[in-house]
Amino acid sequence: LFRVFLHENLADETLSFLEAVEQFKAMKDAKAKRKFVESFFEDYQPYLNIGAKALKKVKEAIQASDPDSSIFDQAVKEVEQMLENDQFPRFKRSNLYMHYLEQLTSHSIALTWKNGINQLLCHQVGKHYFRLFLQRIRCEEKLRFLEAASEFSLMDATTKALVYRGTQIFKQFILEGADEEVFLPFEVRNLIQEKLMQGRVDANLFEEAIRYVATILKNDAYIRFLQSDEYRDLLARLK
């Protein structure tokens with residue numbers, strides 16, 4: 001399924017490259033290994049975002065009579081990092097993946113989402129359709145803020161790093177006039193801003209804001225979602 005996603009996004013060469021390197025490492029014939037190294041620059045290099053250091057090591061191996069199996073280690077590391085940090089997160093948010101998960105979701109599971117917003121948000125398919133509903137009623141920023149602030153609360157980082165990330169979240173969601181501004185009471189907004197300015201930041205920086213926004217979602221958007229076409233249509237499709 002991930003390969004299909006990569007193909008649709010014109011990036012399947014990344015996975016093909018990783019598989020080809022595994023085959024290269026299993027090669028015993030020196031001539032075949034040299035041929036593979038030479039073909040790399042035509043078959044894979046134009047499609048991969050690989051740093052100069054990794055490319056240099058591969059270029060140097062062209063002159064070797066029997067290229068060492070480790071010459072692609074740096075390139076593999078960079079490609080795997082790109083897949084992990086970019087392509088795979090995008091895959092998990094894709095319609096392709098959500099459609100697959102939807103097929104694995106039973107009608108009875110979807111009914112449990114009525115038991116509380118936490119059960120809804122803990123299920124990827126439920127959260128996906130709730131997000132679509134929020135987009136339609138133009139308040140997705142509340143969910144996006146909860147996601148960002150919740151991730152922040154789990155950070156194990158220095159105060160400097162917390163201030164940096166906290167400031168990013170503040171500017172994106174809390175600062176007056178922000179593109180994705182989430183309404184907060186003045187005292188909650190002001191306290192967060194003061195702590196950021198004074199460098200008095202810990203993992204609980206957004207605790208009150210999270211509680212406030214979560215309550216709004218629970219008492220309004222969540223109830224409306226349970227009565228929405230998005231939820232009713234999904235229940236009708238599930239077995």
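Predicted model: local features only at pLDDT ≥ 70, side-chain atom pairs only at ≥ 80, totals over all residues.
Local features required pLDDT of at least 70 and side-chain atom pairs counted only at pLDDT 80 or more, whereas totals for chains, interfaces and linings use all residues. Residues are numbered from 1 along each chain as its sequence is written, and side-chain values use heavy atoms, with hydrogens and water left out.

The chain divides into domain 1 (1-95) and domain 2 (106-237). These bounds come from an automatic or database domain assignment. The two domain centres, taken over C-alpha atoms, are separated by 38 Å. The UniProt record, an unreviewed entry, places the feature "domain: RGS" at residues 1-101 and 116-235. UniProt positions follow the numbering used here, feature names are shortened, and annotations may be inferred rather than shown by experiment. Residues 1-101 are 73% helix and 0% strand, and their end C-alpha atoms lie 11 Å apart. Residues 116-235 are also 73% helix and 0% strand. Their end C-alpha atoms lie 17 Å apart. Helices (H or I, at least four residues) and strands (E, at least two) are DSSP runs, numbered from the N terminus.

Helix H13 (residues 207-226) packs against helix H10 (residues 140-153). Their axes come within 10 Å and cross at roughly 145 degrees. Axes are lines fitted to C-alpha atoms, for helices over the stretch in contact; angles run from 0 to 180 degrees between N-to-C directions. The crossing is left-handed (the near helix is turned anticlockwise from the far one by less than a right angle; clockwise is right-handed). H10 contributes Lys142, Leu143, Phe145, Leu146, Ala149 and Ser150. H13 answers with Ala209, Ile210, Val213, Ala214, Ile216 and Leu217. Contact means heavy atoms within 4.5 Å. Ten of these residues are nonpolar, one is polar and one is charged. Ala, Val, Leu, Ile, Met, Phe, Trp, Tyr, Cys and Pro count as nonpolar, Asp, Glu, Lys and Arg as charged, and the others, Gly among them, as polar.

H13 also packs with helix H9 (residues 124-136), at about 95 degrees and with axes 10 Å apart. H9 is therefore roughly perpendicular to H13 (65 to 115 degrees). Gly126, Tyr129, Phe130, Phe133 and Leu134 of H9 meet Leu217, Ala221, Tyr222, Arg224 and Phe225 of H13. This contact holds eight nonpolar, one polar and one charged residues.

Helices H11 (residues 159-174) and H12 (residues 186-198) form another pair. Their axes come within 10 Å and cross at roughly 145 degrees, in a left-handed sense. Val163, Gly166, Thr167, Phe170 and Ile174 of H11 touch Arg189, Ile192, Gln193 and Leu196 of H12. Five nonpolar, three polar and one charged residues make up this contact.

How values were computed
Parallel < 35°, antiparallel > 145°, perpendicular 65-115°, else oblique.
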